[in-house]
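Biologist: I'd like to learn how to read a structure like this one. Could you walk me through it, feature by feature?

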Amino acid sequence: MASPQPNGSSADNEGNTNGATLPQNKLLERVVRTPGRQPSPQPTHLSVPGSVQSHVLHETGSGYVAPKFEGKSQQMEEVMDAVEDKGFIPADLVESETKWFYNELGIDDMYFSTETSADIVSHIHSLYAAKVAAYARDDRQMEIRLDKEASDHAVYIDTSLPGVTALGGSKFEQRLEEKYLDGSRGLKSFRVESFRSPSQMPDGGDASLRCYFVYQSVFKNQNPEEGETSIDVLADQRFLQKATKNTKEIYQRLMERAVTRHGPVLDMYEIAGTREKRLIVGFKQGSALGMFAALSDLYHYYGLTSSRKYVEQFSNGITIMSLYLRPTAGNSTKHPPIEASIHQILKEISLLYCIPQNRLQGHFISGRLSLQESIYAHCVWVFVQHFLNRLGNEYNTLMSVLDSSNNVHAELLSKLKKRLRTETFTADYILEIINQYPDLIRSLYLAFASTHYVQTRGEQDDFLPTLSYLRMTVDKVFTDAELKDMISKTAVNEHHEMVMTAFRVFNQATLKTNFYTPTKVALSFRLNPSFLPSEEYPQPLYGMFLVIGSEFRGFHLRFRDIARGGIRIVKSRSREAYAINTRSLFDENYNLANTQQRKNKDIPEGGSKGVILLDIQHQDKATVAFEKYIDSIMDLLLPPTSPGIKDPIVDLHGTEEILFMGPDENTADLVNWATMHAKERGAPWWKSFFTGKAQRLGGIPHDKYGMTTLSVREYVLGIYRKLNLQQTQVRKLQTGGPDGDLGSNEILLGDEKYCAIVDGSGVLVDPNGLDRSELLRLAKERKMVVSFDVSKLSSAGYRVLVEDMNTTLPSGEVINNGTTFRNTFHLRNQEHYDVFVPCGGRPESIDFSSASRLISEGKSTIPYIVEGANLFITQEAKLRLEKAGCVVFKDASANKGGVTSSSLEVLASLSFSDDEFAKHMCCAEDGTIPDFYSEYVKQVQSIIQNNARLEFEAIWREHESSGVARSILSDRLSEAITRMDEELQGTMLWENGELRDSVLRDALPNLLLQKVGLERILERVPDGYLRAIFGSYLSSRFIYTMGISASPVSFFAFMQERIVKMQKGR
């Protein structure tokens, strides 16, 4: 990690107040606002103080009335007889112990009607045994731990102190949540009833019995219609039997709001005549794992206890929790009044929803840190993992001494880099350090809060201010210099100081955050990326978002203000794979965005990329993670909606931001939701927010029209054309199978002799050529090679699936593990191919070291490689292969068709009005495609092919004249175009209206010009976007025509030719 002080140049770009005193204790009217922002017309409701008046509940009791169990008296007699027969409890105590269990503990009739007599006898014996054991203890305290777990129900009973989360307690809440609540989906859902016994324990202590009863839901309507919100239709049958009319009305109101929200919806009721409060929380099933136990930790922290708790499931996928909270006896001097505590709990539930179980939960439970402090520290812990595992000055010195063009030196540096990043600071080691400094965390958090916290209603707030605000008015907020000195004096060694210093870096880098927004689903931070060391990240980033949720972590990186790139979700097959993916997450994201920046040379947008890494225990939560990631980033892009729901945030960036996104790995089927969600949240740029969306929303699907593949094919065909190769005789290897976009279209558009295909299901090989008709069938049906009809293989052909073990190939070779064989097949030299087109696979599948397996006697075993998959081959490996005679075209050049299509899709959305866009770009529900759309798609395809051809010819020509490796020339060409693009946008050329219009007429699709007209396009499309089109078109055409090293004189000649052409066309 570089110095904690952001460098000046980036600070200027980011709007950072470098050297200035950051604002403290800001009120609403003092918030740094983004110019021109207006409130959203579609606020989303959340019942919290500040948005609606609190309700008074006049109904006494629990709101639940259990149906009377008519056989209860008879059952009690049977239980007494059974207890007496067992002989464990003395005969003269049998009646009193049984009646105490039936009548004094407050257990309702539902339990007695559900449990068998034998189970009840067992429970009575367990309680009596606990009493006996208490007399053997020095403290005479009763300790009961009673549990019974079955597939469809469970019972937990234990003793605990009201209002206290015991670190060494029974952890029954965590158990029942993990076993029953967290996995509740559809018909396999579970409801919970919990209560604390009103009677004192026989030992006379402060502890009392807490009971939990879990039942599998039996829904009245198991398959409700979409949009159904009626409680009477959706509820569990037990709930409908027990809930009072008032409770059903409360749940109904909450339900109607919960179905429209992606985060929690809250209501709070005061119980008339008491100080007890009833808190209701509703959210979508599976979106808040660990919430039940975490809520207990939260209200315990504020000195409250619950008398009853209920968790209800509904067949439309909504969970509603109801908690009856009251002050803990004897805590009146240590905690604020319940009114203040409830206000704070309401404020913090959305924070808890984002991360129900943070990695510093122990400090929160013990009271050493507040929830806000512990979650803040959790977020910095995530931040540190990605930016403290850096290489250090020693590595940089070694890199300057060694020759990176030397194969031995390059391999040494590559291995050393991986080892240093793996072994320097592990996640556990970082957490171990952070856990030792709760006092430092409090001070560092206060500095963070003093910058970003907003007391929304000013000092005269008619509601109680939050405890965070009160702390900032009482506790000293240290300056950065004071924090630096404090860390230096407190940290016990250099490693500890580095970790705790990262908190300062995080604080200074955060330009805006939704941490204090009342409603949120994940935590998002817009960071100034200037803290990144230039030695490791030579291309400076423009913007960085860090997003942290309960199921994932993710980044969004971009190299320009106006930038485009896909969002991918990374899954991990094992803990080891997850550890590797975690370590490489940021670097992979940076490299993907950098590749995007280079491949975006033909379009106005710069490069960006978003990567979401699912936590190892949440590999099935891709959709939930994606929705939370998008929504939380939108919190930082959109203005606040209404008080108490989306409050203003402190915006140190100070300028409006728009992100352009698209589909990538594991997100193709999620972009429609993102588009509509942006529209529902009132984003004016919703049409252009995501590309790759459904045709009914105006999207141009890359897979259907082969947009990405068209560019890759131009490079493959270019090689054949230059070297006079007959396509049908070329032996081909492809990773990324017929089930994927790039892989399927490469099969459909190509006519080579396919000899091997590798995909997610396994490896398919036939040295004599795979059956063409069968391959086309799989490609059209989007099926993996597991579906290939093996009867169509020759005697030399074979298929090895990932689950296969000890498989013998036709050659006699035995494959021990199918997965390992699949992962490394592209490195085998037993087979021989003419061309290799990676259309799928993980980044760095071929690195400098493994590239040696593709080189025999100094010569590459594969003559031609066109890298369709992003980052499949490292740059060092490409250079090594090129040095061995391989013709390699890298991803940044070959794989740019998709981004061109996406850019032209966005251009159409910006050029058309909403009505025009719906008419000309949105396909009808019955599949009817507008005429303009069909013709526009053809023009987009033509532009993609032309751009790819121009770049191929430029690189081929430059390589022949200079001998420089094509992989290097690709980068130089991209850098030359983007550098000239930025320079041109800053010149006066744009002010020449005639020249500007002439360039735009050439750059913009003819169909769009004919349909909309240049004048209206100039009115509708943002000025910055048009300048970017102007600059990118001129610069790319100049470099493609005149070469990478063309002089300013050449540009003068180039422009003179254009001006003459323009004048002739008047």
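**Reading the fold, step by step**

Modeller: Let's start with the contacts: taking pairs in the protein chain at least 6 apart in sequence, 72% join residues at least 24 apart. Keep in mind that this is a predicted model.

Biologist: How many helices and strands does the protein chain have?

Modeller: The protein chain has 40 helices and 29 strands. As for burial, 59% of its 1066 residues are buried.

Biologist: What should I look at in a single helix?

Modeller: Begin with the general idea: an α-helix has 3.6 residues a turn, so residues three or four places apart point the same way. Helix α13, residues 371–387, has 17 residues and reaches 24 Å from its first C-alpha to its last, close to the 24 Å expected at 1.5 Å a residue.

Biologist: How many of the residues of α13 are buried?

Modeller: The count is 17 of the 17, so α13 is largely enclosed by the rest of the structure. Now try helix α20, residues 494–509: its 16 residues reach 22 Å, close to the 22 Å expected. In α20, 12 of the 16 residues are buried, so this helix too is largely enclosed by the rest of the structure. The buried residues of α20 include His 496, Arg 504, Asn 507 and Gln 508, along with Val 499, Phe 503 and Phe 506.

Biologist: Where is the kink in α11 centred?

Modeller: On Glu 348, with a kink of about 40°. Helix α11 covers residues 338–354, and its 17 residues reach 24 Å end to end, C-alpha to C-alpha, close to the 24 Å expected. It's mostly covered, with 15 of its 17 residues buried.

Biologist: How do I describe two helices that pack together?

Modeller: Two packed helices are described by the angle between their axes and the distance between the axes. Here, take helix α10, residues 291–301, against α11: the axes come within 11 Å and cross at roughly 145°. The crossing of α10 past α11 is right-handed.

Biologist: Which residues of α10 and α11 meet?

Modeller: From α10 you have Met 291, Ala 294, Leu 295, Leu 298 and Tyr 299. They meet Ile 345, Glu 348, Ile 349, Leu 352 and Tyr 353 of α11. Sorted by class, the contact of α10 with α11 has nine nonpolar residues, no polar ones and one charged. Glu 348, where the kink is centred, is among the residues of this contact.

Biologist: Now a single residue. Is Leu 1000 buried or exposed?

Modeller: Leu 1000 is buried, because its relative accessible area is 0% and the cut-off for buried is under 20%. You'll find Leu 1000 in helix α36, residues 993–1003. Leaving out residues up to four places away in sequence, Leu 1000 touches Trp 990, Leu 1014, Leu 1018, Leu 1026, Ile 1029 and Phe 1030. One of those, Leu 1026, is 26 residues from Leu 1000 in sequence and 8.2 Å from it in space, C-alpha to C-alpha.

Biologist: Is Glu 857 buried or exposed?

Modeller: Glu 857 counts as exposed, at 83% relative accessibility.

How values were computed:
Residues numbered from 1 in each chain as written. Predicted model: local features only at pLDDT ≥ 70, side-chain atom pairs only at ≥ 80, totals over all residues. Heavy atoms only, no water. Helix = DSSP H or I, 4+ residues; strand = E, 2+ residues; numbered from the N terminus. Expected span 1.5 Å × (residues − 1). Bend = angle between axes of the 7 residues up to and from the residue. Buried < 20%, exposed > 50% of the residue type's maximum accessible area, 1.4 Å probe, protein only. Axes fitted to C-alpha atoms, helices over the stretch in contact; angles between N-to-C directions. Left-handed = near helix turned anticlockwise from the far one by under 90°. Contact = heavy atoms within 4.5 Å. Nonpolar A, V, L, I, M, F, W, Y, C, P; charged D, E, K, R; others polar.
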